Amino acid sequence: MSLTNQNSIGSFTRKSTFFWASVGATVGLANLWQFPYLASMHGGGYFVLLYLACLLIITLPLMITEAVFGRYSRQGIVPTMNALVKTAGVRRFWRLAGPLSILAAFLVLSFTAVFGSIALAYVFLGARDVFEGATVDSASAVFSDLVSNPDNYRIFMAWHGAFLLLVLLVSARGVVQGVERSVRMIVPLALVLMTVLFFMSASHGRLDTGIRHILELRPDQLGMDSVQGAFFHAFYTLGLGMGVWTVFGAYSTSHTRLKRSILAVVLIDTLVSIGAGLMVFSIAGDGSGLDGERGFSLLFVSLPAHLAALPYSQVMIAAVFLAVVLIVWASAISLLEPVVGWLMEWSGASRVVAVALVGLAVWLVGVASLLSFNAWADVRPGGASPFRWIELVAGGLVIPAVGVLVSAFAGWCLSRRFGGLLLGHTPKLFRKVWYWVLRLVLPFVIAWIGLQYTVFSVTSLCHGQNTAGWCGNDQAAEAPMSKASPEAPAGDEAEEVVEPTKAGLSTHVREGDSLENAPKEGNILYDSV
């Protein structure tokens, strides 16, 4: 039963497609470059358990809510919220969740394509054996030359255009011929490739090191920092607040078991994170070379340098970054769908026209992020680069606002009977837990997460050499960074936000390379994709 089946934006033909599409939306770069760091620094196996608790108790109810909204309406997030608000007979204010979701998906997609372009370039760099005998210093030079060299920004833009074209071509072919067929190939291939790489790293590296860093129980490392890290990772890494779950719920077949599929997706996402952590630290030998590493420095500098020491390094590096490309590709496809679906519903445009218009807009905003690392490095309105402002608005304001609106609306504005109708056949206990978590827990937890993210991000603009205009001299001189902060640097040093060596950008690189403007951990939206 649904609110309306008019103006449907499409539908999957197989019930398992919802699962594969959802895995593609949730498994992202954060599984590879953030989770291993968090687990190694916050108790190993205890952090894994803490993260699972945050997923099941906090994140899962919101994922299910967004998905059942879409399945019930068979439309995107904007018309879905409009119809539900009208049905509930509440103020139009709640409709804001729809357009804010589209804005969040658009902004995150704009820099997701930038990250994907780096991974795509690295597939070819690895295949050409550019990293043969590489050290951290030489790998830093390769990364800097691609990303932050002002003389090479056109090459960077070419990779960016190529990756975005891959995403647009899939969406332009339609829901069935494009999205459904692609995710059913891309996501399983990525998982198989990661499994093969895991066994290769375990056989040629030291699996015991990976187990010690990721799964060993270390209660002495647990604290409020660990709880905060688990909450942030659980909220920002599963595609929430961007209309993705609503549009996939709308695409799902009537036979798809949404709640079971979503639970399976959460477990798969956690297994991928654990597997990635084990693989990364197994490759590193004793693991000391990767302690405190995350983000760009882990994935694009330290990892290629350690892979270069293994047998068949040329194949291994190319395969690793091919898996990364597949993961980011699936994530980008997922982020594009809510925006394209909204434009089709709002304007009546064909899918091809909608994809072309959205693609052009995403490319333009993505170029602003891309140039922030090189040619526009000195363009810092308000003390931050365009990229920094884009991710701050998306991660600190828009995504948390959508989470608060959706959870509060479902918990306070919809009747319990109507909520039960949305959920379908579920145990009575599950319905009660879902209802009270949405009502009393999620709005406050998500608001706290968004506030923490925003405060830290704005405060970080007062640290380092390029500070915001509103910062006083005392603020600029201090840099009290916490490891638990959503974007805190890997180390505890107080002189700089991120030292070049801490960001994986060694100071011992080719003369003329620009390292200051290369992307650092403090410039990345927490979930990334």
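Biologist: Where does F373 lie?

Modeller: In the loop between α16 (351-371) and α17 (386-413); helices here are DSSP runs (H or I, at least four residues), numbered from the N terminus. Bear in mind that this is a predicted model, where local features need pLDDT of at least 70 and side-chain atom pairs count only at pLDDT 80 or more, while totals for chains, interfaces and linings use all residues. Residues are numbered from 1 along each chain as its sequence is written, and side-chain values use heavy atoms, without hydrogens and water.

Biologist: Is F373 buried or exposed?

Modeller: Buried means under 20% relative accessible area, with a 1.4 Å probe and protein chains only. F373 has 2%, so it counts as buried. F373 and S144 are 9.6 Å apart in space, C-alpha to C-alpha, yet 229 residues apart in sequence.

Biologist: And the core, which residues touch the most other members?

Modeller: In soluble globular proteins, nonpolar side chains tend to be buried together. A nonpolar core joins buried Ala, Val, Leu, Ile, Met, Phe, Trp, Tyr and Cys through side-chain atoms within 4.5 Å. The largest one here has 169 residues, and F69, Y122 and F300 touch the most other members. Helix α15 (residues 313-347) brings the largest share of this core, 21 residues.

Biologist: What about empty space?

Modeller: Rolling a probe the size of a water molecule over the atoms shows where empty space is left. A cavity is a set of points on a 1 Å grid, over the protein atoms alone, where a 1.4 Å probe fits but cannot get out; lining residues have an atom within 4 Å of a point. The largest cavity is lined by 13 residues, with L32, M279, L303, V320 and V324 nearest its centre. α15 gives the most to that lining, four residues.

Note on methods. Buried < 20%, exposed > 50% of the residue type's maximum accessible area, 1.4 Å probe, protein only. Helix = DSSP H or I, 4+ residues; strand = E, 2+ residues; numbered from the N terminus. 1 Å grid on protein atoms, 1.4 Å probe; cavity = no way out; pocket = protein on both sides within 12 Å on 5 of 7 lines; lining within 4 Å.
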